[in-house]
Amino acid sequence: MGLAFMILPFLPASNLFFPVGFVIAERVLYMPSMGFCILVGYGFHLLSERWSRKMTWCCLGVLLLTHSIKTYNRNADWESEYSIFMSGLKVNQRNAKLFNNVGHALESEGRFEEALQFFHKAVSVQEDDVGAHINVGRTYNHLKMFKEAEQAYLKAKSLLPKAKPGESYQARIAPNHLNVFLNLANLISKNATRLEEADLLYRQAISMRSDYTQAYINRGDILIKLNRTKEAQEVYERALLYDSTNPDIYYNLGVVFLEQGKASQALAYLDKALEFDPEHEQALLNSAILLQELGRPELRKIARERLLKLLAKDETNERVHFNLGMLAMDDRNTDEAENWFRRAVHLKQDFRSALFNLALLLADDHRPLEAAPFLNQLVKYHPDHIKGLILLGDIYINNIKDLDAAENCYKRILQLDPINIQGLHNLCVVYVERGKLLQAQDCLSHTHELAPGEEYIGRHLQIVQTRINRLRQSPDGSREKEIAFADYDPQEFGGRAGRTLSSDSVDLLPSLGNSIVNSNSEEPSGQEGDLPKEDADVPFGYDNKKKTVLPHQQLEPQAAPLPADDDPVFLESDNTNSPQSFAATVGDSIAHDSKHHRTDGSSSGKHSPNAVHRDDGVPSVKRADVSHPPSDGSLHHAHSAQQHLHRPKTIGQDLDDPSSGMS
């Protein structure tokens, strides 16, 4: 009986009669060890009948001692995955799975270079091991060696069995080996010019296995990048036929409806995702933003609860802090909003929208000197942030009185956008403040030609011409007149030499108090005022009794309500180069790092949002990844015609091949 227990259970795992496909280990010796113990007991009984009891017990003690020492030494091998598989390699150097398992152990510790060596060894031991080639490709991908990774994946793909007429392909291929299609497609989809190739790979995987949910999910993301949202919707809906309880599919359908501008349907699917997974971080965040955009106080309460739930899970998520700040702005709680924005900036120093909205809040609260450091930090990390440069220049002129710094801000704007009316007009104001009236006249004339419909530019031009006419009638030799008519280079502001505008070409109109203008669509509040007497020399473009506000445009239906007796706070749009883009909405653009037709970039590339910029990224279509959980996500802006998807951090990461992993 002892021999039977020891030998018979071991035969199926012995590889003597047929290959079993896994590494022999302690677990296959559990039942055989029972037979061994029976034999030891039977042997002790026989020896005790023939030898003295003392001799018999000594033999048993030696046997127990040697096995105890062996067990103690073996425990050291079980200290980690790496040590246990390395101990296997000491006795077996021709097993590819052992090399794969050592590679996986090193990979889990982030030691990718060492892992790659063991994966290569696995390939050399067994060249037709599809999983080993997949592991090589994945490790190259971790090391950012994308060309080598693609070659490894293509090699693995070439080793898959070929289809045979009349025989099911699905029955002839290990399901996990189909991951090579997903990994290869994820890799090449990083190149926006190869999205069609990636789509073909996903379709091939689906044709080989119709219930391959991960392939449906990832293909849907590619279709969104290609701006084929209707097809993406159909793909996700088909995936639901095979996995109707997968929260990621409902989440991605929500993103698709956001892409299509259907906010109510999007919210329904995001809520459905939360029904199956109440902790789904991306659905929590994006649904909270959608609820906030609806502008109803009772819904903002739910949005706040969801954001606080996210915050309890991860206090270092700067985007949650930012969106809580946006909710506080909706509730007109500026102190709380400032606190949340400051936390977001503390967690991420280059957080574009948090830096701008915090600076804007401080400036609107009559604290421009506190706003200036955040604006400087903003333009340090984002030197192309036109609205930040405009606000910073305004503070330099009106509060810090640093004309050189203000001029640098406006010239930087014109480098980025030579016909930016806000930047160009405010540069003209700097010339007026310096007393360079002839240069200011030419600058304003050039600005008026670019924006003839802006009445305030014409009024400012008339004021400058009035001063020029008065100076021309004054005695020669004064320092003021010398500065006013000094030579200048019109190319500084994009003008051309020799152009002047007659002083009688513009009717006299009332002057304005504060002429630093930040909008080309509407004049800042508090600008109209009584025209001073012509002999009164008031500073042009400066009024320390009035606050300069940022440009704004007609608010959208979902715009946050504005205080009735104060200047509005306008939130930043993703479209930082457009002077028309300050919409006071509380939305969040949906984000990835690449543009969408899915952005990345920042974004998924969708298209460019035109409302509140909450993050440099945008909500995301969530890809399936069997080896890594989803991590990040942010919402699509429901109002924008073009939006971004924010791809989770795990998107594009490879799928482990369990068949080549630990046995």
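**Exercises on a predicted model**

Asn339 is partly exposed, with a relative accessible area of 34%. Buried means under 20% relative accessible area, exposed over 50%, and partly exposed in between (1.4 Å probe, protein chains only). The model is predicted: local features need pLDDT of at least 70, side-chain atom pairs count only at pLDDT 80 or more, and totals for chains, interfaces and linings use all residues. Residues are numbered from 1 along each chain as its sequence is written, and side-chain values use heavy atoms, with hydrogens and water left out.

**Exercise 1.** Classify the packing of α10 and α11.

*Solution.* Take the angle: helix α10 (residues 195–208) and helix α11 (residues 213–225) pack at about 155 degrees, with axes 9 Å apart. Axes are lines fitted to C-alpha atoms over the stretch in contact, and angles run from 0 to 180 degrees between N-to-C directions. Over 145 degrees counts as roughly antiparallel. The pair is therefore roughly antiparallel. The contact (heavy atoms within 4.5 Å) includes Tyr202 and Ile206 of α10, and Tyr216 and Ile222 of α11.

**Exercise 2.** Describe how α22 is packed and capped.

*Solution.* Start with the buried residues: among them are Leu403, Cys409, Tyr410 and Ile413. The buried residues of α22 pack against α21 (386–400) and α23 (421–433). Now the N-terminal end: Asp402 caps it, with a side-chain oxygen 3.3 Å from the backbone nitrogen of Asp404.

Technical notes:
Helix = DSSP H or I, 4+ residues; strand = E, 2+ residues; numbered from the N terminus. Polar contact = N/O pair within 3.5 Å; in protein donor to acceptor, adjacent residues only side chain to side chain. Parallel < 35°, antiparallel > 145°, perpendicular 65-115°, else oblique.
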